[in-house]
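The following note sets out points for a colleague reviewing this model. Please read each point beside the coordinates.

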Amino acid sequence: MNPSSEGHNDRMIRRWLFADQLGPHFLDAPRQPVLLIESKSVFRRRAFHRQKAHLVLSALRHRAAELGDQAIFLRTDTYGEALRKVSGEPLDVCHPTSRRAREFVRGHDGVTVLPPRGFTTSPGDFVAWADGRHGRLRMEDFYRDARRRLDVLMDGDAPAGGTWNLDAENRQPPPSSGMPVPAPPMPVEDEIDEGVRADLDRWESEGIEFVGRDGPRLFPATRREALARLRHFVEHRLPAFGPYEDAMLAGDPWMAHSLLSAPLNLGLIDPLDAVHRAEAAYRSGAAPLSSVEGFVRQLIGWRDYIWHLYWYFGADYGAADGLRATRPVPSWFRALDADAVEARCLSDVLAGVRDRGWVHHIPRLMVLGNYALQRGWRPADLVDWFHRSFVDGYEWVMTANVVGMSQYADLGAMTTKPYAAGGAYINRMSDYCRGCRYDPRSRLGLNACPYTAGYWAFLDRNRGRLRGNARLGQAMRQLDRIDDLPAVRAQERDRGDEAP
């Protein structure tokens, strides 16, 4: 039954909304009865970033306040305790976003699990596409299929502008004069945020641990805030997003990025709504195709691809370790101790995680992930670290992103090569190398860049596993011609996992 009028409210099943299902598209009608649960035990299980905990609790409590008497809002120690309080009433719930949550809801009588929402491709469509690839899964192929199915940026049967992928136009280094965009709008905290902060302070005094620093809430906790940020991005920042999508500046963590990943992953925005607004900007001439295509690819391509791979690859995928990376993540990295690091890029990016719980995708991949890959840190530990440390981090988000893309632990099941690079890449795409004690051109000696030296040590250590990778052929041939490779290997062994 799917009534749409308030008068039929008493005939609708109460919808249990998890804290990442907070937008109106997770309900079947505006006045559908709702169950919201705040579980304190979630924060006992692992040490989340303080600002992530604040954002999730703020979003959940704001949604409860918006719904008023339409919702039962239970703040309990566990989900089980909350469900016992409503045990006489049937519930339904949209498919949760983790295996643990899915098994939990399936194990409760009276709870009906509905198909997932908040993504643009259905599980059936993805499985049909993936099974038809015969083991060769590539995001670009999925993305093109999604463009056709959803009729996004299409001119009839052809891609808008005649080209599917405009990545080549979106790899410019940062402008020397700074980003030509206004700052993104920031939320204004209210009494709900004040209550959340007081509760987190009290929980810490009781022994619940967090990582990172507290600070003003930087990401939307309500749909109104999320839509304001989306509108501002499309109107003011989207045109510059594409060209500088991969660039980094030490003094500008936001660049021209949308800062929408957190509200998207809280379910505050329907991704197709964001896609359609961006496409409208292109059609009206307000934003160039290269920027709009790059943004659209992130949403209906990469985001959905990662979500579906989490389920398609199965529960064992998170433990993949094809490169035999067995070193534990060191304490300085786990604790976000940016002050212990001299390498300017890594210090600044780690400080960004510590102070904001967020850095954009290139610092994640090419500074944090690249360094971990070179050092051989355990992929499963890194999945947990990214999950806990980022405001937009969830198990479904980080598993394939870290295991498959960042750490290449699946040996190419989802990408074509490891995302390893030396200091030259960071020097080209950022201003980090200026004033850094390390020289990105040097691989040996006191001033040798740990990324440059680490890159060659990584390739050497994994010769046998990577030799057949066509995209690494040139690098492997160059590796064979490095005369001082034994000294580089010894230097990086001595460096080990100490903060560089």
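1. Basis of the note. The model is a predicted one, in which local features need pLDDT of at least 70 and side-chain atom pairs count only at pLDDT 80 or more, while totals for chains, interfaces and linings use all residues. Residues are numbered from 1 along each chain as its sequence is written, and side-chain values use heavy atoms, with hydrogens and water left out.

2. Cys-433 is buried, at 18% relative accessible area (buried means under 20%, exposed over 50% and partly exposed in between, with a 1.4 Å probe and protein chains only). Where a disulfide is a pair of cysteine sulfur atoms within 2.5 Å, the count is zero.

3. Nonpolar cores. A nonpolar core is taken here as a set of buried Ala, Val, Leu, Ile, Met, Phe, Trp, Tyr and Cys residues joined through side-chain atoms within 4.5 Å. The largest such core has 126 residues, and the members that touch the most others are Leu-238, Tyr-305, Leu-346 and Leu-368. Helix α11, residues 289–312, gives the most to this core, with 13 residues. (Helices are DSSP runs of H or I with at least four residues, strands are runs of E with at least two, and both are numbered from the N terminus.) A second, separate core has 15 residues, including Leu-323, Tyr-455, Leu-459 and Leu-479.

4. Surroundings of Leu-346. Contact means heavy atoms within 4.5 Å. With neighbours within four places in sequence left aside, Leu-346 is in contact with Trp-332, Val-341, Val-367, Leu-368, Tyr-371, Tyr-451 and Pro-500.

5. Packing of α11 on α16. Helix α16 covers residues 395–406, and its axis is 8 Å from that of α11, at an angle of about 90 degrees. The axes are lines fitted to C-alpha atoms, for helices over the stretch in contact, and angles run from 0 to 180 degrees between N-to-C directions. The two helices are therefore roughly perpendicular, a class that spans 65 to 115 degrees, whereas under 35 counts as roughly parallel, over 145 as roughly antiparallel and the rest as oblique. From α11 the contact involves Trp-302, Arg-303, Ile-306, Trp-307, Leu-309 and Tyr-310; from α16 it involves Glu-395, Trp-396, Val-397, Thr-399, Ala-400, Asn-401 and Met-405.

6. Glu-293. Glu-293 lies in helix α11 and is buried, at 1% relative accessibility. What does the side chain of Glu-293 meet in polar contacts? A polar contact is a pair of N or O atoms within 3.5 Å; within protein, one must be able to donate a hydrogen and the other to accept it, and residues adjacent in sequence count only if both atoms are side-chain atoms. In another, a polar atom of the Glu-293 side chain is 3.0 Å from the backbone nitrogen of Leu-166. Beyond four places in sequence, Glu-293 is in contact with Tyr-143, Arg-147, Leu-153, Trp-164, Asn-165, Leu-166 and Asp-167.

7. The loop between β7 and α7. Asn-170 is found in this loop, which runs between β7 (158–159) and α7 (191–205). Asn-170 is buried, with a relative accessible area of 1%, and a polar atom of its side chain lies 3.0 Å from the backbone oxygen of Ser-290. Not counting residues up to four places away, Asn-170 touches Gly-242, Pro-243, Glu-245, Asp-246, Ser-290 and Gly-294. Arg-171 has its place in this loop too. With neighbours within four places set aside, Arg-171 is in contact with Pro-243, Asp-246 and Met-429. The C-alpha atoms of Arg-171 and Tyr-244 are separated by 6.4 Å, although the residues are 73 apart along the chain.

8. Positive phi values. Leu-336, in the loop between α12 and α13 (344–356), has a positive phi near 60 degrees but is buried, at 1%.
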